[in-house]
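Here is a short briefing for a reader new to this structure. Keep the sequence and the 3D view open while reading.

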Amino acid sequence: KYLNMGGVLHFVFRRDVQVKGQSSKECGLLPQCFSPPLDFPFLDAGSKQRVWAMYQKLCLRMRLGAATTVATWAGFDDIVKEGNELADGADLSIGLEACTTSAAMALVESVPETNGTTYFVDETELFLAMTGRGFELYAIFPASVPVTEATSSGAKLARRLVAESGKLFLMEPLTWK
């Protein structure tokens with residue numbers, strides 16, 4: 001039902017959901033994603049890989065301002081440097097090792113704090129990324145869709161998914177006794 005909104009071919013919606021703890025005062029954020037299957041017109045492995053690669057580039061562009069290799073490595077360096085500054089003399093043997101071996105994880109841990117939109121158009125598709133308060137949306141539209149229309153449709157889709165978060169995302173942690 002979400003793919004019928006404004007010609008979107010596919011999307012990935014990521015939301016930092018506030019999850020309730022065992023007591024009413026405890027809560028935290030749990031990043032979760034929602035996406036329909038990557039089907040037609042992305043049938044072969046190459047076209048599917050291209051979609052995920054474009055989503056990754058848009059993610060980097062939203063966080064770093066660019067998706068180049070130089071910008072990505074500069075972002076990784078900033079993460080390691082920030083980890084060193086935060087530790088302020090503490091034992092870094094575990095934390096820094098994790099940060100330097102998986103800086104990409106630290107790069108995408110949370111949604112960018114600012115609202116933003118970026119896009120890329122090629123011969124056949126328009127790739128759109130939007131961020132807002134606690135969410136990220138990555139979507140694909142046919143290249144024939146004007147950017148303003150794709151942005152409007154993306155915003156409508158994001159509002160609908162945020163409104164339906166209670167149905168789409170885990171809101172209480174699973175516990176076993």
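**Where to start**

Phe-11 counts as buried, because its relative accessibility is 1% and the cut-off for buried is under 20%. The model is a predicted one.

**Nonpolar cores**

- The largest nonpolar core has 20 residues.
- Phe-11, Phe-13, Leu-137, Phe-141, Leu-157 and Leu-161 touch the most other members of that core.
- Four elements each supply at least two residues of this core: strand E1 (10-20), strand E4 (125-132), strand E5 (135-142) and helix H5 (147-163).
- A second core is separate and has 13 residues, including Met-62, Phe-127, Ala-129 and Tyr-138.
- In soluble globular proteins, nonpolar side chains tend to be buried together.

**Contacts of Phe-141**

- Neighbours within four places in sequence are left aside here.
- Among the contacts of Phe-141 are Gly-6, Gly-7, Val-8 and Leu-9.
- Thr-124, Glu-125, Leu-126 and Leu-128 are also in contact with Phe-141.
- Ala-150, Ser-153 and Gly-154 are in contact with Phe-141 too.

- Strand E4 is largely enclosed by the rest of the structure, because 8 of its 8 residues are buried.
- Glu-125, Phe-127, Ala-129 and Thr-131 point one way from E4, and these residues are buried.
- Leu-126, Leu-128, Met-130 and Gly-132 point the other way, and they are buried as well.
- Strand E3 (residues 116-121) runs antiparallel to E4, and 6 bridges join the two.
- E3 and E4 form a hairpin, with 3 residues between them.
- Thr-118 stands opposite Ala-129 of E4.
- E4 also runs antiparallel to E5, with 8 bridges joining them.
- Leu-126 has Phe-141 in E5 as its bridge partner.
- The hairpin of E4 and E5 has 2 residues between the strands.
- In that hairpin, Gly-134 takes a positive phi near 75 degrees.

**Aromatic pairs**

- The count comes to 4 aromatic pairs.
- Phe-11 lies in strand E1 and Phe-34 in strand E2 (residues 27-34), so the pair ties together parts that are 23 residues apart in sequence.
- Phe-34 is partly exposed, with a relative accessible area of 22%.
- Phe-13 and Phe-135 form a stacked pair, with 5.7 Å from centre to centre and 20 degrees between the planes.
- Phe-13 lies in E1 and Phe-135 in E5, so this pair ties together parts that are 122 residues apart in sequence.
- Phe-13 is buried at a relative accessible area of 0%, and Phe-135 is buried at 13%.
- Trp-52, Tyr-55 and Tyr-138 are linked into a cluster by ring pairs.

**The loop with Gly-65**

- Gly-65 is found in the loop between helix H1 (45-64) and helix H2 (69-87).
- Gly-65 counts as exposed, because its relative accessibility is 61% and exposed means over 50%.
- Gly-65 and Thr-118 are 53 residues apart in sequence.
- In space, Gly-65 and Thr-118 are 9.6 Å apart, C-alpha to C-alpha.

Definitions and conventions:
Residues numbered from 1 in each chain as written. Predicted model: local features only at pLDDT ≥ 70, side-chain atom pairs only at ≥ 80, totals over all residues. Heavy atoms only, no water. Core = buried A, V, L, I, M, F, W, Y, C linked by side-chain atoms within 4.5 Å. Buried < 20%, exposed > 50% of the residue type's maximum accessible area, 1.4 Å probe, protein only. Contact = heavy atoms within 4.5 Å. Pairing = 2+ DSSP bridges. Phe/Tyr/Trp six-rings, centres within 6.5 Å; stacked < 30°, edge-to-face > 60°.
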